[in-house]
Amino acid sequence: MSFSTVPDLVLEPMIRIALMEDLGSYGDVTTRAVIPASTTYDACLNAREDAVVSGMQVAALAFRLIDPSLDITTHIADGQPCKKGDTLMTIKGSAASILSGERVALNFAGRLTGIATKTAGFVAETKGTKARVTCTRKTTPGMRLVEKLAVLHGGGFNHRYSLSDAILIKDNHIAAAGGVRQVLEATKAHASHMMAVEIEVDRLDQLAEVLEVGGASVVLLDNMDNDMLREAVAMVDGRLKTEASGNVKLDRIASIAATGVDYISSGALTHSARTVDLGLDFPV
């Protein structure tokens, strides 16, 4: 198992919910009415545009949950590029089972391939720099795990998965606690030695205070222009990991990466990715 896959058992509850939503209370009445139970078919999951593939593990599991006897072969794995017209997966067996799982499999695969493709576009803009592209928690409710996997498939990196993974002190925490010094001193008093600490700043005087007080291992440089980012990186001088965030769009990635930051985080990777056009075809 690679880092960009997870055990099927972990994915199964999410996919079961999606299948139950689609099957409703009485199953696929159309297929049951018009397709004899004995009918078998060889179906192809095809790409209708160039992309970076994600969601094949999820799609295969969706079909297997409908019918474990289906013979499923993945031809282009998660994380690999595909061209328009490529066959990503073949599914052989009961035509009724394939049709009943089709929409859920395509919904996941198209959405996740879109995220992987968008991420790959962002990553390409960082070539020649040390900057890594990372996602955020701006994910579709209930789909965070697979959307973050799709970011990995696109060559990106994951930020924290949940509020419990790491301490990330945002501007509202600082305002509520009374200032940068107060939140960092509180963190040093209460945080486990195993818990990473990141703090957000949007001004250089705040960054200077972070460096003076200590207690953080990462600083999030929020909504800074490129000149300010370069100055911030120089101030940090390797003492902390630096993360640029805010107003991060594709046409700005290269210039942000050139400032010397370690990470560039963007919610757009997940919240604004376009679903890639994939289709399940029954050859005539």
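I began with a definition: two strands pair if DSSP finds at least two bridges between them. I also noted that this is a predicted model.

**Entry 1**
I looked up strand β8, residues 197-201, and strand β9, residues 218-222. Four bridges join β8 to β9, and the two strands run parallel. I then asked which residue of β9 is the bridge partner of E200. I found that E200 has L220 as its bridge partner.

**Entry 2: the sheet around that pair**
I recorded an open sheet of six strands, in the order β6-β11-β10-β9-β8-β7, with parallel pairing. At the edges I found β6 (132-134) and β7 (167-169), each of which pairs on one side only. From one strand to the next, I noted a twist that averages 25 degrees.

**Entry 3: the cavity**
I noted about 50 Å³ of space in the largest cavity.

**Entry 4: the lining**
I listed the residues that line the largest cavity: S54, G55, M56, Q57, V58, D78, L112, V146, L149, A150 and H153. I sorted this lining into six nonpolar residues, four polar residues and one charged residue. I then asked which helix gives the most to the lining. The helices α3 (56-66) and α5 (144-153) each supply at least two lining residues, and α5 gives the most, with four residues.

Key. Residues are numbered from 1 along each chain as its sequence is written. This is a predicted model: local features need pLDDT of at least 70, side-chain atom pairs count only at pLDDT 80 or more; totals for chains, interfaces and linings use all residues. Side-chain values use heavy atoms; hydrogens and water are left out. Axes are lines fitted to C-alpha atoms, for helices over the stretch in contact, and angles run from 0 to 180 degrees between N-to-C directions. On a 1 Å grid over the protein atoms alone, a cavity is a set of points where a 1.4 Å probe fits but cannot get out, and a pocket is an open set with protein on both sides within 12 Å along at least five of seven lines; lining residues have an atom within 4 Å of a point. Grid points are joined across faces, edges and corners, and a volume is the space filled by probe spheres set on the points. Ala, Val, Leu, Ile, Met, Phe, Trp, Tyr, Cys and Pro count as nonpolar, Asp, Glu, Lys and Arg as charged, and the others, Gly among them, as polar.
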